[in-house]
Amino acid sequence: MKADILIIGGGIVGVSLAQALAKYALKVALIEKEAELSFGVSKSNSGIVHTGFQSDYRLLKTRLAVRGNKLYREMAQDLDFPFVRTGELVVAFKGEKEALTAIKENGERLGIPGLELVDRNWLRAHEPNLSEEIELALLGPTAAVINPYETVYAMAENAVANGLRLFCNHEVTAIEKGTDTWEITASGNTFEASWVINAAGLYADKIAHLADMEVPEIIPRKGEEFILDKHADRLTKRVIFPVPQKYTKGILVIPTVDGNTMIGPTSEEIQDRENLTTSQAGRQFVINTIHRLVPSIKGADQIITSFAGLRPTTRKDDFYIREDREGFINLVGIQSPGLTAAPAIAEYVVKMISEKRPLKPKTNPITKRTAIPRFRHLGRAERNAVIREDPEFGEVVCRCELITKKEIKEAIRRGARTMDGIKFRTRSQMGRCHGAFCTMKIMSIIPLTLE
């Protein structure tokens with residue numbers, strides 16, 4: 001298969017690149033080693049669109065995060081994925097005011113709007129569940145939350161509509177430089193491309209080594225996160241951060257777009273790039289830490305599920321985005337705030353390429369995408385109307401999240417080929433019963449839909 005540009009990696013960064021490049025008169029292809037997009041780093045992300053003020057203003061990753069934050073709202077409207085502008089608070093206990101002031105000054109250098117130091121009275125009125133020991137906080141109103149996997153699928157659908165060739169279950173095993181093109185072997189198939197963009201996340205250094213390039217070594221950093229039952233009251237309206245430390249933003253309180261509260265993550269440097277285990281120790285550490293911020297949290301009985309994700313960190317404190325050999329761009333160490341920065345990273349890399357070869361925009365690219373209908377978000381009259389139009393909306397498959405047979409079938413039609421793929425597109429199996437009620441029903445729908 002021949003392409004002008006080949007992207008390796010189907011996470012939020014790779015798919016952001018695909019979505020941006022597919023708007024040009026180019027043959028663009030993306031290969032991903034997993035069965036579906038977003039199954040690597042992206043699916044286990046906290047889903048925060050950061051303001052950007054918590055990283056040094058001089059770093060590339062900080063500038064890209066600030067730009068990415070600005071790009072997300074319009075993108076969410078065009079591509080119809082959930083985006084909630086929650087805002088965020090960095091909270092300070094006694095003796096931490098100086099650190100908070102420094103963060104504010106850093107944000108002001110970056111031009112982040114609306115930054116404000118708020119006192120105990122403001123916190124008591126606006127975030128009553130926060131500890132009375134918190135003396136003040138830095139408000140960043142531009143922060144937001146998204147579902148990383150839903151965002152990936154929205155971008156991918158738009159990119160495919162604009163001509164992207166997508167290849168999952170394709171693990172790269174060899175890379176060779178020809179006279180004018182790069183030759184990539186993946187799962188026995190050969191791809192040729194004038195440009196290759198390495199957005200392989202946890203394996204970006206391995207991909208660079210296959211192409212005979214030295215880049216910063218990826219050091220996986222595991223973070224365990226825990227999701228509270230929807231029946232538990234929202235702990236906070238905003239994303240809550242402690243004053244950040246050198247290697248972590250700390251244990252957070254995160255209101256999700258789906259109505260749950262998420263707490264975490266832990267931060268543990270490990271060697272195994274496939275280790276996604278969670279632990280009793282991690283859970284207790286997170287609960288104990290959050291209890292200092294929000295004393296009303298009751299404990300483990302409110303947690304309905306847990307997961308772990310791996311951040312592709314390096315010893316460098318910044319993103320590594322370079323054309324290390326002609327026509328080969330490496331993106332290494334795209335950890336937090338990588339999700340926030342992803343649309344801006346795409347913009348940045350497109351500019352890098354355009355400086356070497358002219359990029360001609362397509363005459364009429366498709367700019368809009370409509371999400372799978374969400375039955376649970378409809379009012380009674382709207383539900384009755386869609387059921388009259390299609391009776392499959394009247395067959396509830398997942399009781400916990402109120403997901404219908406129509407939504408399951410639409411997820412499969414749009415590319416889901418695994419139970420997790422259906423889960424991430426619809427939220428089936430994500431409720432209190434963890435799929436005990438709906439799993440068998442979904443399994444019976446899959447072969448009928450694929451016929």
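Colleague: What makes β4 and strand β8 count as a pair?
Modeller: In this predicted model, β4 and strand β8 (residues 144-146) share two bridges in the antiparallel sense.

Colleague: Why are β3 and β4 called edge strands?
Modeller: The sheet is open and has three strands, in the order β3-β8-β4, with antiparallel pairing. β3 and β4 (83-84) each pair on one side only, and that makes them the edge strands.

Colleague: How do you know that E36 forms a salt bridge with R425?
Modeller: The closest N and O atoms of E36 and R425 are 2.6 Å apart. The cut-off is 4 Å between a side-chain nitrogen of Lys or Arg and a carboxyl oxygen of Asp or Glu, so the pair qualifies. E36 sits in the loop between β2 and β3, while R425 belongs to helix α11 (residues 419-426); 389 residues separate them, and the pair links distant parts of the chain. Side chains of opposite charge can pair when their charged atoms come close.

Colleague: Are E36 and R425 buried or exposed, and how do you know?
Modeller: Buried means under 20% relative accessible area. E36 has 2%, so E36 is buried. R425 has 9% and therefore also counts as buried.

Colleague: What makes E157 and R414 a salt bridge?
Modeller: Their closest N and O atoms are 2.9 Å apart, and the limit is 4 Å. E157 is in helix α5 (residues 148-161) and R414 in the loop between α10 (405-413) and α11, 257 residues apart, so this pair too links distant parts of the chain by the model's helix assignments.

Colleague: How do you know that E392 forms a salt bridge with K409?
Modeller: The closest N and O atoms of E392 and K409 are 3.0 Å apart, which is within 4 Å. E392 lies in the loop between α9 (380-389) and β21 (396-398), and K409 lies in helix α10, 17 residues apart.

Colleague: Why are E392 and K409 called partly exposed?
Modeller: Partly exposed covers the values between the buried limit of 20% and the exposed limit of 50%. E392 has a relative accessible area of 21%, so E392 falls in that range. K409 has 26% and therefore falls there as well.

Colleague: What makes E157, R369, E410, R413 and R414 one network?
Modeller: These residues are joined by salt bridges that share partners. The count of salt bridges comes to 26.

Colleague: Why is S44 called buried?
Modeller: The relative accessible area of S44 is 13%, under the 20% cut-off, so S44 is buried. S44 lies in the loop between β2 (28-31) and β3 (48-49). Leaving aside residues up to four places away in sequence, S44 touches F307, A308 and G309.

Colleague: How do you know that the radius of gyration agrees with a compact globule?
Modeller: A compact globule of 451 residues would have a radius of gyration near 22 Å, and the protein chain has 22 Å, so the two agree. Along the principal axes, the C-alpha atoms fill a box of roughly 65 × 55 × 40 Å. The protein chain has 12 helices and 22 strands, and buried residues make up 56% of its 451 residues. Among contacts between residues at least 6 apart in sequence, 72% join residues at least 24 apart.

Terms used. Residues numbered from 1 in each chain as written. Predicted model: local features only at pLDDT ≥ 70, side-chain atom pairs only at ≥ 80, totals over all residues. Heavy atoms only, no water. Helix = DSSP H or I, 4+ residues; strand = E, 2+ residues; numbered from the N terminus. Buried < 20%, exposed > 50% of the residue type's maximum accessible area, 1.4 Å probe, protein only. Contact = heavy atoms within 4.5 Å. Pairing = 2+ DSSP bridges. Rg over C-alpha atoms; globule rule 2.2 N^0.38 Å.
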